[in-house]
Each structure stands twice: as C-alpha cells, then as structure tokens.
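Here is a friendly walk through a two-chain model, going from one chain to the other and ending where they meet. Keep the viewer open as you read.

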Amino acid sequence: MSIVLKDVHKAFGAKEVLRGFSLEVREGETLSIVGGSGSGKSVALKHIVRLLEPDRGEIWVDGRHVGALSEEDLYALRREVGYVFQFAALFDSMTVAENVGMGLKRIRGMGANDIGRRVADCLRLVDLAGYESRYPSELSGGQKKRAGLARAIATRPKYLLYDEPTTGLDPVTTAVIDGLIVRMRQELGVTGVVITHDMASAFRISDRVAMLHEGRIRFEGTPGEIKATQDPVVKGFIEGRPDLVEATS
Amino acid sequence: MSVLAKGPAQAVGRAALSSLASVGKAGFLALGAVRALRRVRMWLPQLVPHLARIGVASVPIALFIAAFTGVVMALQASYTFTGAIPLYFVGTLVGKTIILELGPVLTGLALSGRVGANIAAELGTMRVTEQVDALETLAYDPVAYLVVPRIIAGAVMFPLVVLLANAMGIVAGWATSLYLLDMSTPEFVKGLRLFFQPWDVWYSAIKSVSFGVTVTSVGCFFGLHTAGGAAGVGRSTTHAVVASSMIILVLDAFWAAVLL
C-alpha cells in the first residue's frame, strides 16, 4: 500500500469533518474520492502531505508515518508528492515558467538550464508550450489548472494529489484535464488521488472510486462496482437523486 | 448568573481566550522565524526585492511627512518662544524633537500603513488562495520564504529611512527659520548643536529597528492567519495597521524609559 489513512478524525471547532476516515491507495492506481460539497474530501487530501494534522489517527506514505516525520523528512516527502490545487494556487507575482520551476529550485544540483528544459517539457506535456512568460492573471481557468498540473509534475513526483481538478470547467476543458490525469498515470506511472464530485470524470480517470459520507468512507470499489451498488446513499449521489439519500437519514 | 449577565461575560471570556490564542500564535511565529534564519538559501534571494519594496519605496512618503513636520516644528517653536527665549532655540527644538521622537515615530506610523498593510494584504491573499499551501507542497518553509526576508528588510531599511527623514525634517526646519522667521543659518545651527549628542542619532536608529521589526512581523502574522476570503484579507489588513501602530507607541515609551 502506498498511501494509507487510518481512522483519521479532524474537527474545526465544533464541526467534525472527518470521523474515522480510513483509506488505502495502491501503488500505481488512480483513486477518486467523491462526496458532496463540504463533506471533507479536500481536508482528507491535505492530511497526506501534512498541510493539516489529524486530531486522531495516522497517515502513512510509503511506510513513513507522516505525523512523526521531522521537518527535513517532511520536505523530502513533499518533494515526492505533487499537489494540484482546486483553484490552481499559482503564485500570481510569478510567470508561468517561474511557477513551474519553483519546486525544481529546491532540488540540489539542478542548474538554471536544467530547470528551463524541465519547465519546457512539463508545459509541453500539458499543452501550454509558449505560455512561459505569461502571468496567471493572463490565463483562462482551464489554462491555470493545466499550469498548476505542470508545476505539480515538474519534480517528477511518485504521487499526484488532485483537488477538484475539473470543478468549474466547461465539458471540453474537463475532458482535456481528464485526459492529462490518465496520461500522468500511463506515461509517468504516478499514483494519483483525485478529489471530485464530478461522477462522469471519476469514471473516466479512476481505477477505483471511494465515496466519503458523514466523515468516513461509505463505499470503495471499481467504477463498475460503484455503478452497480444498491447502497441508497451511494446510488443517490451518483445518480443525482436526493430522495434516495434523504430516505436513509 | 442571569441570562443578561451571561452574554457579556461570555463575550469577554471569548475575547480573552482569543487574545491569548493570538499571543500564542505570534510567539510560535516568532520562534519559527528565528529557526528559519538557518534556511539562508530560501530567504536570501528574496531579501533584495524586499529591501527595495519596504525601504526604497517608502522614502518619498517618509520625506514628505518629515518635511512638513520640520516646517511646523520651527513655526510652533518660534510662536512659543516669542520674547521669552532666544530664537536660536528653534534649532534646538527642531533637532531634538525630530531626531528623538517625531522622525522615528511619525515614519513608523506612516510605514505601518504603507508597509504593514501591504504585507498583511499580500500574505492574506496568498493564504486564502492557497498559495501558502502551494509553497509548502513544493517543500518551501513559508516562514523562511515569506516572513524572514520581510522582517530583515524592515530591520535594515527602517533606520535608514528614518535617518533620511530626520535629515529632511531638520533641513525643512532650517529653511523655515531662514525664510519665514528671519533667522540666520549660524543662529539655527547654533541652536541645533547646543544640546545635540551623537547618542540621539543612535537612539533614533535603535527605535527605528524595533519599529521595522514590529511593522513587518505584525503584517506577516495577520497575513498568514487570514481566513474568510476577501473580507478576511480586509480584516487582517486593518488589524495589522492598528496593532502595529499601538505597539509602536508602546515601544516608543519603552525605549524612552530604558535608553534616555
């Protein structure tokens, strides 16, 4: 198992967001976590790289207990993990090339020429060649997401965490981003965790899908299995039928 | 306890707890900044741009304030001294008050608005748009990358800006004495040198270093603890300016008690 979250609890004030969240992500797979808005999907994802720390529970990545890592070991782990943010989180005072090269500057032995070549490769991979000198404010929503993806893959990470990569995008751009996520797994061999509430997208890109409901995983299985499930909460969510969900509460 | 009394008591309790929590977080950030000093490769490349933004870009507003303060000080001194005290004491009053008090404090207060607000708004926006989280995922220490170079720039540049402002205030006071008070240059200089001590300049610089550290660190603190979107950025900016202005005034009294 490459990423394991064990019985994770997290509350913000009186609001309990995660209540015994447990999940295993296997080496080389793309796993999508689906669930309603505000269900805690992004919160769960942020625990993997210790952007948030659990109130209770453990997170393990490649056999390393994330909560017990020293500062230096945590940075080493973060260099192995690419994170694609929901709204791209590009540094708006920097050009696209500078954004993509940020993580590379932290790698010892990489000179300016190496960084320039790697940045160009990554931008080509996400179809943004020629956008090096643009600023984030000059990009469309889809281009920002692609630039964010280029930044995340620049350090050639073993893992990619995607926080709602297609939210707010038109269907064509969504398909482009989905295609990129699939390419990341096929061409770079990365293990991916995707947060989404777009079921069509989840079915296209995932080896497995997990549904988060009321702070814990309600269902875990292949796209075929989740489509066939008779669990009213899961069925209600993927078919967009609130009546099924409400009947269980 | 009645329901009526419970409400205010709870509010006071909540405010006290919130203040204590803020003090704790500020202490944590200060410790983090000291520890982050060792990450020289992370903060050093950011230092020069911040020296320019925090220091060089603040010179015009500091000189503007100092010039008019010098004019007013000379005119008020002359008004106060008329007939009773020799007019060359205008130079004494202008020099002493500008160097010891008005130069550093007025510049500090003005820069808490210009620099402190700028830092709080910039880091606050980075926080709410997840740019700070993005830095962390790219294996950067946000304190080393964002906070340390700003605080060092504040500590280095504030005294330089204040010393320039002091000079401008004295020149403005001299020009006012010359053209509006019918004093001569030797008279003004005689007054200026009468009670001048080199320590006064050091005192002004020491105060300014503490003001620079205050304005930048308070701006960083409120910026990095921003929550709640655009409204949150606005709140952080206001809090940063108000808090740093208050701390500057407290520090001013502290240095006067300790160093004079």
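Among contacts in chain A between residues at least 6 apart in sequence, a share of 64% links residues at least 24 apart. Please bear in mind that this is a predicted model. Chain A holds 10 helices and 10 strands. Its radius of gyration is 18 Å, close to the 18 Å given by the globule rule for 249 residues, so chain A is as compact as a globular protein of that length. Along the principal axes, the C-alpha atoms of chain A occupy a box of roughly 60 × 45 × 35 Å. As for burial, 43% of the 249 residues of chain A count as buried.

**A sheet in chain A**

In what order do the four strands of the open sheet in chain A run? The order is S2-S1-S4-S5, and the pairing is antiparallel. At the edges are strand S2 (15–25) and strand S5 (64–65) of chain A, each of which pairs on one side only. Helix H1 (residues 41–48) of chain A packs on this sheet, where it touches S1, S2 and S4 of chain A. The direction of H1 makes about 120° with that of S1(A).

Strand S1 of chain A covers residues 3–12, and five bridges join it in the antiparallel sense to strand S4 (residues 56–61) of chain A. Within that pairing, Leu5(A) has Ile59(A) of S4(A) as its bridge partner. S1(A) also pairs with S2(A), again antiparallel, over eight bridges. Here Ala11(A) stands opposite Glu16(A) of S2(A). The hairpin of S1(A) and S2(A) has two residues between the strands, and Gly13(A) takes a positive phi near 65° there.

**Helices in chain B**

Moving to chain B, helix H4 (residues 89–128) and helix H6 (residues 142–179) have axes that come within 8 Å of each other and cross at roughly 145°. The crossing of H4(B) and H6(B) is right-handed. The residues of this contact divide into 15 nonpolar, eight polar and one charged.

Trp255(B) sits in helix H9 (residues 229–259) of chain B. Is Trp255(B) buried or partly exposed? It counts as partly exposed, because it has 18 C-beta neighbours inside 10 Å, while 20 or more would be needed for a buried residue. Leaving aside neighbours within four places in sequence, Trp255(B) is in contact with Ile206(B) and Lys207(B).

Pro60(B) belongs to helix H3 (residues 59–81) of chain B. Pro60(B) is exposed, since 9 other C-beta atoms lie within 10 Å, and the limit for exposed is 12 or fewer.

| Pair | Separation in sequence | C-alpha to C-alpha distance |
|---|---|---|
| Trp255(B) and Lys207(B) | 48 residues | 6.9 Å |
| Pro60(B) and Val161(B) | 101 residues | 9.4 Å |

**Where the chains meet**

How many residues does each chain bring to the contact? Chain B supplies 10 residues and chain A supplies 14 residues. On the side of chain B that touches chain A, the residues divide into four nonpolar, three polar and three charged. In general, the size of an interface is often given as the accessible area lost when the parts come together.

Technical notes:
Residues numbered from 1 in each chain as written. Chains lettered and ligands numbered in written order. Predicted model: local features only at pLDDT ≥ 70, side-chain atom pairs only at ≥ 80, totals over all residues. Contact = placed C-beta atoms within 7 Å. Nonpolar A, V, L, I, M, F, W, Y, C, P; charged D, E, K, R; others polar. Rg over C-alpha atoms; globule rule 2.2 N^0.38 Å. Axes fitted to C-alpha atoms, helices over the stretch in contact; angles between N-to-C directions. Left-handed = near helix turned anticlockwise from the far one by under 90°. Pairing = 2+ DSSP bridges.
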